[in-house]
Amino acid sequence: MDFDVIIVGGGHNGLVASCYLAKAGKKVLLLEKDSEFGGATRSSYAFPGIEAKLSRYSYLVALLPDQIVKDLDLDFETISRTVSSYTPYENTGVLINRSFDEVSAESICAVSGEPREAASWSAFYDRIAKVAKLLAPTMLEPLKSESEIKELIGPELWREFISQPLAQTLNESFKSDLIKGIALTDGLIGTFASAQEKLSNICFLYHLIGNGSGEWKVPKGGMGALVSALIQRAKELGVELRSGVEVTRITSSDIGAKVKTNSGEELHAKLVIAGCSPKRLEKLSGLKAIESRDGSQIKMNMVLRRLPRLKSGIDPSIAFAGTFHIDESFEQLEAAYHQAKAGKIPDVIPSEIYCHTLTDPSILSPKMQADGNHTMTLFALHTPASLFDKEHDAVKKEVTARILRGLNAYLAEPIEELLLKDNMGRPCLEVKTPQELEAEIDLPRGNIFHGDLSFPWQSEGERSKWGVETRDERILLAGAGCKRGGGVSGIGGHNAAMAALERI
């Protein structure tokens with residue numbers, strides 16, 4: 001046997017799995033088809049001549065357990081943001097600080113026109129915090145049953161956040177359409193669903209349970225810093241890392257598994273861990289993937305001369321320090337979903353922005369920092385891959401125009417006028433559709449979760465112990481498509497390693 005485990009795919013989950021296995025004394029080979037490791041978590045210089053190393057495809061960290069960083073002794077740090085979110089509304093806006101304070105409360109009440117809305121907000125997030133503290137530790141353990149989780153969190157919280165539609169929960173908690181929408185966004189990021197559908201409950205849960213707090217932090221040095229830390233640790237632990245090697249076939253037998261590469265090489269191991277999507281694994285092994293929805297987001301990267309001024313008059317260094325919500329009231333989100341589901345480009349495309357460099361300027365060169373330059377990353381909702389299947393480029397152009405028009409409605413100056421130019425004289429604006437995300441980083445139909453998210457426990461009749469098992473005893477799944485694998489979390493990698501160690 002050449003190796004104990006061969007890992008196919010060098011994204012962060014594959015790297016996490018390799019480190020745990022090597023730390024346990026196993027002989028591990030990790031294969032990555034691209035020239036560099038990291039997948040959706042790598043950082044790169046997106047614009048020629050612009051010294052800004054962008055987290056190009058994934059931006060913030062919440063779901064990566066501190067336990068993984070500690071277990072693997074990773075040289076990786078995340079930074080708290082001072083602001084949770086700012087939502088412009090007409091000529092004012094809702095400012096919610098990370099530590100909910102009097103400023104946050106007054107802002108909610110003033111814009112919503114509801115005196116008790118701030119108290120409702122605080123109570124709502126106190127309740128979801130209780131769920132987070134109870135659920136977060138289970139993410140790195142063998143799957144509990146649905147009944148065990150229900151008993152763990154109690155019937156009231158189960159009803160509020162699991163069994164009834166998220167729309168009903170928000171309607172019970174808030175009166176303001178705008179405040180409902182701010183809360184709803186966590187149920188929709190990367191998920192093409194209505195607030196009436198169970199999928200939004202699941203997405204909401206994932207976005208708010210990370211490390212028991214649900215806080216979204218900025219990766220110091222960008223997402224690539226996580227990749228670098230994992231690569232360094234994998235090398236120290238003796239993992240054999242090979243990039244530029246594409247796997248073309250995975251097979252298994254009673255005695256082990258075999259991987260064939262594009263060079264014709266055949267490699268043997270006791271087990272194979274697929275750090276790729278279920279769709280990719282299906283092509284490589286024949287193991288059928290479950291059908292899932294389209295990815296539904298546009299990802300946009302910008303580099304600016306300076307931050308834009310806002311019509312509301314708020315300091316842009318405050319407005320963009322957290323998540324900047326654009327046209328994300330409850331009704332706007334639902335309207336956009338139903339228009340997109342009907343095959344139409346939404347009239348108003350909800351989106352959100354954050355500015356990495358306000359919290360962590362280290363991704364810019366010293367000169368760019370001194371010049372006051374900033375990065376902006378935008379994530380647009382309810383723009384499913386199906387919209388772009390016909391006339392891709394024309395639809396992309398129109399969608400981009402509508403997104404920028406939505407942003408500009410709240411700015412005192414058009415964002416286009418603030419874009420830096422690269423060394424070819426082109427504006428530093430990069431737009432990726434779901435189809436382009438699939439082509440570049442193998443997200444099936446642009447789905448950042450590799451499939452539909454599921455609740456992080458065993459459903460009735462399920463026999464999976466770690467949520468990474470396939471129908472083949474010799475092949476495990478570690479990517480975002482395994483149960484509990486969504487988001488930049490490393491949870492899929494950890495759990496695949498635990499399952500592999502048990503089998504070996």
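Q: Hi! Where does Ser296 lie?
A: Ser296 lies in the loop between helix H11 (278-285) and E13. Helices (H or I, at least four residues) and strands (E, at least two) are DSSP runs, numbered from the N terminus. This is a predicted model, where local features need pLDDT of at least 70, side-chain atom pairs count only at pLDDT 80 or more, and totals for chains, interfaces and linings use all residues. Residues are numbered from 1 along each chain as its sequence is written, and side-chain values use heavy atoms, with hydrogens and water left out.

Q: Thanks. Is Ser296 buried or exposed?
A: Ser296 counts as buried, at 2% relative accessibility. Buried means under 20% relative accessible area, exposed over 50%, and partly exposed in between (1.4 Å probe, protein chains only).

Q: And what does Ser296 touch?
A: Not counting residues up to four places away in sequence, Ser296 touches Gly190, Thr191, Phe192, Ala380, Leu381, His382, Thr383 and Pro384. Contact means heavy atoms within 4.5 Å.

Q: Let's switch to H16. How many residues does it have, and how far does it reach?
A: Helix H16 covers residues 392-408, which is 17 residues, and reaches 24 Å from its first C-alpha to its last. That is close to the 24 Å expected at 1.5 Å a residue; the expected span is 1.5 Å times one less than the number of residues.

Q: Which residues of H16 are buried?
A: The buried ones are His392, Val395, Lys396, Val399, Thr400, Arg402, Ile403, Leu404, Gly406, Leu407 and Asn408.

Q: What covers them?
A: The cover of the buried residues of H16 includes strands E13 (298-304), E14 (323-326), E15 (351-354), E16 (374-380) and E17 (429-432), along with helix H17 (434-441).

Q: Pick out Leu404 for me. What is it in contact with?
A: Leaving aside neighbours within four places in sequence, Leu404 is in contact with Met300, Ile415, Glu416 and Leu429. Leu404 has 8% relative accessibility, so it counts as buried.

Q: New topic: where is Thr82 found?
A: Thr82 is found in the loop between strand E5 (78-79) and strand E6 (83-89), and Thr82 is exposed, with a relative accessible area of 62%. Thr82 and Arg98 are 16 residues apart in sequence and 5.6 Å apart in space, C-alpha to C-alpha. Beyond its neighbours within four places in sequence, Thr82 is in contact with Asn97, Arg98 and Ala321.

Q: Zooming out, how many helices and strands are there?
A: The secondary structure comes to 18 helices and 18 strands. Of the 504 residues, 61% count as buried.

Q: Last one: what does the C-alpha trace span?
A: Along its principal axes, the C-alpha trace of the protein spans about 65 × 60 × 45 Å. Among contacts between residues at least 6 apart in sequence, 73% join residues at least 24 apart.
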